[in-house]
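My notes follow as numbered points, with cut-offs given where each term comes up.

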Amino acid sequence: MPELPEVETVRRILEPLIQGKTIEKVRLIRPKNCETNPSVFPHDLVNKTFLGISRIGKYLAFHLSGDLVIVSHLRMEGKYFLKSVKDPLDKFDLCSYDFTDGSCLRYNDQRKFGVFGLYQEKDYLATSAMAELGKEPYTLSAQELCDGLQKKKSETIKEGLLDQTLIAGLGNIYDNEVLFACGINPKTPAKDLDVFQCDQILTEAKRILNEALEAGGSTIKSYHPQEGVDGEMQNELLVYGKENTACPKCGMPLRKIFIGGRGTVYCPHCQPYKGHPFILAVTGPIHAGKSTVAGYYEQKGYRRIDADKIVSELYQKSKVLRHVQSLLGKDAVKEGVLDRGYVTSILSQKPKLKAKLEAYIHPLVLEETKKRIEGYHEGDKIVLDVPLLFGSGLDELADCIILVLSKDQNRAERLSLEGKDPVKGLKLNQGWPIARAKTLASLIIENDGSISDLEKKLDNVKYL
């Protein structure tokens with residue numbers, strides 16, 4: 001979604017193009033996007049002249065003669081194009097302002113999320129959606145920001161900075177950049193920030209926004225300030241969109257998590273989560289060597305939490321066993337004990353039952369893991385040994401993820417050495433999400449040599 005720099009860039013480009021042009025006709029192609037009365041919107045604009053464009057936050061305000069104002073929000077992919085009235089309508093054009101000189105201003109929106117409406121000049125700031133906007137970083141004081149964050153009892157600082165009623169203009173891209181510049185972890189509770197940190201946030205926000213304005217904004221996905229023109233700020237972004245690449249300050253892989261449904265990138269080293277331990281997660285398919293890697297970090301002082309052990313403990317609870325029986329049949333439990341051989345056999349044959357069992361077990365493992373993590377403090381290091389990291393929710397707890405991979409032949413040999421059936425073992429694990437894991441892992445370790453070779457690779461990872 002275009003943020004303050006992108007919207008301001010659009011304003012600067014668009015204003016001289018339409019200033020002084022008089023509307024002869026309005027074609028409202030999709031009335032649903034008009035926030036005010038769509039039946040009168042086209043008629044009230046006839047013979048009105050564009051005088052100028054202003055901006056507040058992410059909103060554009062088109063000022064016209066007759067003391068009228070069109071308030072517009074581009075949302076995800078809204079764009080304005082100056083064309084000839086003779087040009088055919090694009091399938092994503094939602095409104096066309098046809099001018100007396102034969103040109104027209106088209107509002108085009110592929111996702112159709114953008115909105116616009118017509119208001120009176122005297123009170124549009126109070127009657128349009130602009131009335132709900134907070135101050136921009138340029139005018140908001142550190143104390144005002146701090147007071148606003150104090151009211152957010154359950155939100156993170158990342159969510160707090162996305163609240164346009166508190167601070168207008170910042171969005172997901174520049175929030176990532178600002179928090180990185182300040183060294184503040186995005187998971188930090190908003191209410192925990194003090195005035196000094198709020199002043200730091202505003203200082204960095206103004207600096208980064210000014211840089212973005214000079215660069216014409218960031219061209220991310222489909223945003224372009226003008227047809228055939230790209231913004232250049234994306235070339236200066238330090239963290240946004242750069243997950244799993246080296247931090248420009250310390251070299252540790254940048255981590256991407258989701259906060260409030262928004263992708264959030266941060267550096268676990270440069271933006272430590274105050275009061276909380278550092279969490280390393282190790283995962284991989286069956287017998288790739290993940291437990292060997294987790295054990296190596298345990299020897300180096302990490303506190304180990306083994307998801308398989310947690311699962312084993314859960315399978316000793318009568319409530320869990322009853323649920324397993326309801327899914328897999330009575331033979332899944334014998335004399336109050338899980339029959340692992342029977343369960344493995346059933347799950348290898350019926351992937352849908354396996355998915356149902358995992359959907360039940362994963363939340364229980366996540367809850368128990370969180371409880372154990374709560375027993376550790378800032379300065380502690382934890383290694384999570386988790387075979388099914390992705391899809392369980394445990395990946396969102398990690399600051400760094402190591403994916404351990406090994407060839408099928410080597411994994412089969414390791415299964416055989418433990419007296420296990422390699423065919424059944426690999427078959428049960430054939431749905432393991434390797435492709436997805438590769439895109440989400442901070443580091444990928446190939447484990448097809450000796451244990452000594454594996455340890456040398458781990459010793460080369462200097463940031464852990």
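1. K420 and E418 join their side chains in a salt bridge, with N and O 3.3 Å apart; the term stands for a side-chain nitrogen of Lys or Arg within 4 Å of a carboxyl oxygen of Asp or Glu. K420 counts as partly exposed at 43% relative accessibility, and E418 counts as partly exposed at 48%. Here buried means under 20% relative accessible area, exposed means over 50%, and partly exposed lies in between, using a 1.4 Å probe and protein chains only.

2. A word on the source: this is a predicted model, in which local features need pLDDT of at least 70 and side-chain atom pairs count only at pLDDT 80 or more, while totals for chains, interfaces and linings use all residues. Residues are numbered from 1 along each chain as its sequence is written, and side-chain values use heavy atoms, with hydrogens and water left out.

3. The salt-bridge count comes to 25. Another of these pairs is D192 with K191, at 3.5 Å from N to O. D192 is partly exposed at 46% relative accessibility, and K191 is partly exposed with a relative accessible area of 32%.

4. Please look at E136 and R55, whose side chains form a salt bridge of 2.6 Å, N to O. This pair links distant parts of the chain, 81 residues apart: E136 sits in the loop between α3 (124-127) and α4 (142-150), and R55 in strand β2 (residues 50-56). Helices (H or I, at least four residues) and strands (E, at least two) are DSSP runs, numbered from the N terminus. E136 is buried at 13% relative accessibility, and R55 is buried at 16%. Both belong to a salt-bridge network that also includes E8, R11, R12 and E15.

5. Next, the open sheet. Its five strands follow the order β12-β15-β11-β16-β17 and pair in parallel; two strands pair if DSSP finds at least two bridges between them. At the edges stand β12 (303-306) and β17 (443-446); each has a single partner strand, so one side of each lacks a neighbour in the sheet. From one strand to the next the twist averages 20°, taken between axes that are lines fitted to C-alpha atoms, with angles from 0 to 180 degrees between N-to-C directions. Within the sheet, β11 (residues 278-283) and β16 (residues 400-405) run parallel and are joined by four bridges. L280 has C400 in β16 as its bridge partner.

6. How far apart are the end C-alpha atoms of helix α12? They are 31 Å apart, which agrees with the 33 Å that the 23 residues of α12 (residues 351-373) should span at 1.5 Å a residue; the expected span is 1.5 Å times one less than the number of residues. The helix α12 bends by about 25° at I361, with a proline, P363, following within four residues. That bend is the angle between axes fitted to the seven residues ending there and the seven starting there. Buried residues of α12 include L353, L357, Y360, I361, V365 and L366, and K354 and H362 are also among them.

7. Finally, I259 lies in strand β9 (residues 255-259) and is buried, with a relative accessible area of 8%. I259 and I157 are 102 residues apart in sequence, yet their C-alpha atoms are 9.9 Å apart in space. Leaving aside neighbours within four places in sequence, I259 is in contact (heavy atoms within 4.5 Å) with T156, K158, E159, P186, K187 and T264.
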